[in-house]
Amino acid sequence: DNTINKIAAGEVIERPSSIVKELIENSIDANARNITIEIKDGGKNYIRITDDGDGIYKDDIQLAFLRHSTSKISKSEDLLKVHSLGFRGEALASISSISMVELISKTIDEETGIMVEIHGGILQQESEVGSPKGTTIIVRNIFYNTPVRKKFLRSDSAESANITNIINKLALSNTDISFNYIKDNKNMIKTPGNGDLKSTIFSIYGKEHTESLISINYSSDLFSINGYISKPLFNRGNRNYELFFVNGRYVNSKLLSKAIEEAYKTLITINRYPVVYLYIKVDPKNIDVNVHPSKVEIRFNDDLKLIPKVTDIVKNRLFEFNL
Ligand code: ADP
Ligand code: MG
């Protein structure tokens with residue numbers, strides 16, 4: 001029933017950036033090496049995601065658009081140990097229920113690809129097409145059939161900013177994938193996809209930014225912490241550049257932010273908030289993750305003493321640099 005899909009879409013799909021996030025995560029799950037994201041008008045009228053991943057078999061294509069249909073879980077206990085990003089099988093069903101979707105996909109095992117067009121959850125056409133291996137999804141006219149929700153969309157520039165933010169975080173959590181971002185016909189970002197964090201940061205934020213960073217490398221039996229922190233004079237007026245990734249995923253953590261800021265407290269800075277890209281690896285049994293469609297809040301087992309350790313590590317590193 002498409003009404004259910006439309007209602008469910010409200011939980012997953014709040015704005016164009018949620019669509020971009022879900023679709024990129026699908027491409028990542030499909031082992032893509034290159035992902036192109038093109039948007040127009042803040043994503044309201046046009047979002048295209050092209051990947052060179054595994055593709056979808058012709059026989060599975062309609063299934064992919066059904067609610068609660070996912071190829072990523074077969075038993076319910078799998079839910080506890082999912083490694084893939086998507087596991088609810090709701091994104092495609094939700095997105096296609098509130099927009100006009102065109103999907104082209106081809107697997108390595110098939111000679112030809114498949115194209116389907118779905119408007120407001122209803123299949124318009126399906127045909128065999130020529131296509132390279134991988135998947136392209138074009139999403140047009142978001143919320144065209146739910147005008148009330150359409151009214152809640154913000155300006156094109158505000159929606160674009162949200163999308164850019166999501167792409168940056170996904171690119172930084174997947175440095176081995178090349179992200180190519182085109183906005184209103186302009187090339188915005190192309191990350192190298194070579195697994196190197198510094199050149200990925202460079203491709204997103206530029207030279208001045210990259211030169212103001214100090215590397216962090218720490219590991220113990222309990223966890224490892226790698227990445228970069230800023231020289232104090234490069235600090236910022238907001239927390240937008242405090243980025244934390246745990247076991248490969250971007251996370252929110254007030255405690256981590258505070259732990260870092262604490263280390264800068266006694267130093268001369270112009271702005272209050274450091275620029276931080278910290279990658280933490282820890283046994284998943286020591287973390288508590290609260291997954292909400294739009295964000296991931298994380299807490300660490302207190303016994304690890306990870307939070308005070310982060311302050312220590314950053315303090316020591318700044319001290320080494322005489323800062
Ligand atoms: P989920 O990601 O939670 O499984 P989705 O609705 O996002 O649910 O996707 C449904 C299914 O469609 C996926 O399980 C996957 O099999 C397939 N799929 C979606 N996007 C892609 C893609 N870019 N490449 C390959 N398969 C895809
Ligand atoms: Mg998904």
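Biologist: What should I know about the model and its numbering before we start?
Modeller: This is a predicted model, in which local features need pLDDT of at least 70 and side-chain atom pairs count only at pLDDT 80 or more, while totals for chains, interfaces and linings use all residues. Residues are numbered from 1 along each chain as its sequence is written, and chains are lettered from A and ligands numbered from 1 in the order in which they are written.

Biologist: OK, how many helices and strands are in the protein chain?
Modeller: The protein chain has ten helices and 15 strands, where helices (H or I, at least four residues) and strands (E, at least two) are DSSP runs numbered from the N terminus.

Biologist: And what share of the residues counts as buried?
Modeller: Of the 323 residues, 36% count as buried; a residue is buried if 20 or more other C-beta atoms, placed from the backbone, lie within 10 Å of its own, exposed if 12 or fewer do, and partly exposed in between.

Biologist: Let's go to α2. Which of its residues are buried?
Modeller: Helix α2 is mostly covered, with twelve of its 14 residues buried, namely P16, S17, S18, I19, V20, K21, E22, L23, I24, N26, S27 and I28.

Biologist: What span should α2 have?
Modeller: At 1.5 Å a residue, the 14 residues of α2 should span 20 Å, and the end C-alpha atoms are 20 Å apart, which agrees; the expected span is 1.5 Å times one less than the number of residues. Just after α2, N31 has a positive phi of about 65°.

Biologist: At what angle does α2 pack against α6?
Modeller: Helix α2 (residues 16-29) and helix α6 (residues 156-173) pack at about 25°, with their axes 8 Å apart; the axes are lines fitted to C-alpha atoms, for helices over the stretch in contact, and angles run from 0 to 180 degrees between N-to-C directions. That makes α2 roughly parallel to α6, given that angles under 35 degrees count as roughly parallel, over 145 as roughly antiparallel, 65 to 115 as roughly perpendicular and the rest as oblique.

Biologist: Now α10. Which residues there are buried?
Modeller: In α10, the buried residues are L306, V310, V314 and L318. Seen down the axis of α10, they fall within an arc of 110°, so they line one face of the helix; the arc is that of the directions from the helix axis to the C-beta atoms. On the other side of α10, P308, F319 and E320 are exposed.

Biologist: How does α9 sit against α10?
Modeller: Helix α9 (residues 254-264) packs against α10 at an angle of about 30°, with the axes 8 Å apart, and the two are therefore roughly parallel to each other. The crossing is right-handed, and L255, L256, A259, I260, E262 and A263 in α9 meet I307, V310, T311, V314, K315 and L318 in α10.

Biologist: And what covers the buried residues of α7?
Modeller: The cover includes α6, β8, α8 (207-211) and β13, and the buried residues of helix α7 (residues 197-205) are T200, I201 and I204.

Biologist: Where is N185, and what is its phi?
Modeller: N185 lies in the loop between β7 (178-183) and β8 (186-190) and has a positive phi near 70°. N185 is exposed, with 7 other C-beta atoms within 10 Å.

Notes
Left-handed = near helix turned anticlockwise from the far one by under 90°. Contact = placed C-beta atoms within 7 Å.
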